[in-house]
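Hi,

Here's the model I said I'd pass along.

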Amino acid sequence: MDIEASTKNNEKVIDFVNERLEALECPVKLMTKFDIAVDELFTNIAYYAYGGAAGPCSVSVSGRPGEWASVEFRDFGIPYDPFAAEDPDVTLPIEKRREGGLGVFIVKNLMDETAYARIGAENVTTITKRFV
Amino acid sequence: MIVNKYFEGNKLLVKVVGRLDTTTAPRLEEELKDLSSVEELVLDFEQLEYISSAGLRLLLGTHKRMQGNLKVLHPNEMITEIFDVTGFSDILNIES
């Protein structure tokens, strides 16, 4: 699907991805993991890809029924590898915790594979999970 | 997301139903805006499907505002996994 990268569209993107995952016979538990990961990555693109301005994002789902699924995001924003940032220190006590920085860390933990590539003028961000 | 609030004296019980993510976290934040008369805040997550980092940010901020007088009840398996991965299990007062 092609959609404006805006957090007002998160629900639409999640619904679209769920529809495709269902067709790929993705177990419900894993669909929830994809939902969380999609919320995190699409939000990142909405906030950062176009410096807060509006811009397009295309989202697609591929996979093999009953085996695995991938969700791919493409945007034309500034080059940005979400997975390059250092993981946050999740052992810090409450007073020292920053509010944020956890989204991508969660994605890395929930998915089997995460990938980023700059292809021409596009950021291509992909997440993959096997069903068994 | 549905938010149900129950006041019992200075205690506020909030039942959150659905998903707590980028789309819905601002709505829960609005519901928790005025906690000036609340001494104990209890968030019942029994019917919460999942939480993303937008929800965690809200929990962290609320925990700080309540100076620790925040309890989270009945998180499901998915939410417990998120709490464990992010270290929130060590920060929050959670009753399963």
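A salt bridge here is a side-chain nitrogen of Lys or Arg within 4 Å of a carboxyl oxygen of Asp or Glu. By that rule Lys29(A) pairs with Glu77(B), with the closest N and O atoms 3.4 Å apart, and the count between chain B and chain A is two salt bridges.

Before the rest, some housekeeping: this is a predicted model, where local features need pLDDT of at least 70 and side-chain atom pairs pLDDT 80 or more, while totals for chains, interfaces and linings use all residues. Residues are numbered from 1 along each chain as written, chains are lettered from A in the order written, and side-chain values use heavy atoms, without hydrogens and water.

Now the interface. Contact (heavy atoms within 4.5 Å) takes in 29 residues from chain A and 24 residues from chain B. The two chains bury about 2,200 Å² between them, 61% of it on carbon and sulfur atoms; that's accessible area lost on being put together, with a 1.4 Å probe, summed over both. On chain B, Thr22(B), Arg57(B) and Val85(B) supply 22% of the area buried against chain A, more than any other three residues.

Thr32(A) counts as buried because its relative accessibility is 10%, the cut-off being under 20% (1.4 Å probe, protein chains only). Beyond neighbours within four places in sequence, Thr32(A) touches Glu49(B), Tyr50(B) and Met78(B).

Cheers

How values were computed: Buried means under 20% relative accessible area, exposed over 50%, partly exposed in between (1.4 Å probe, protein chains only).
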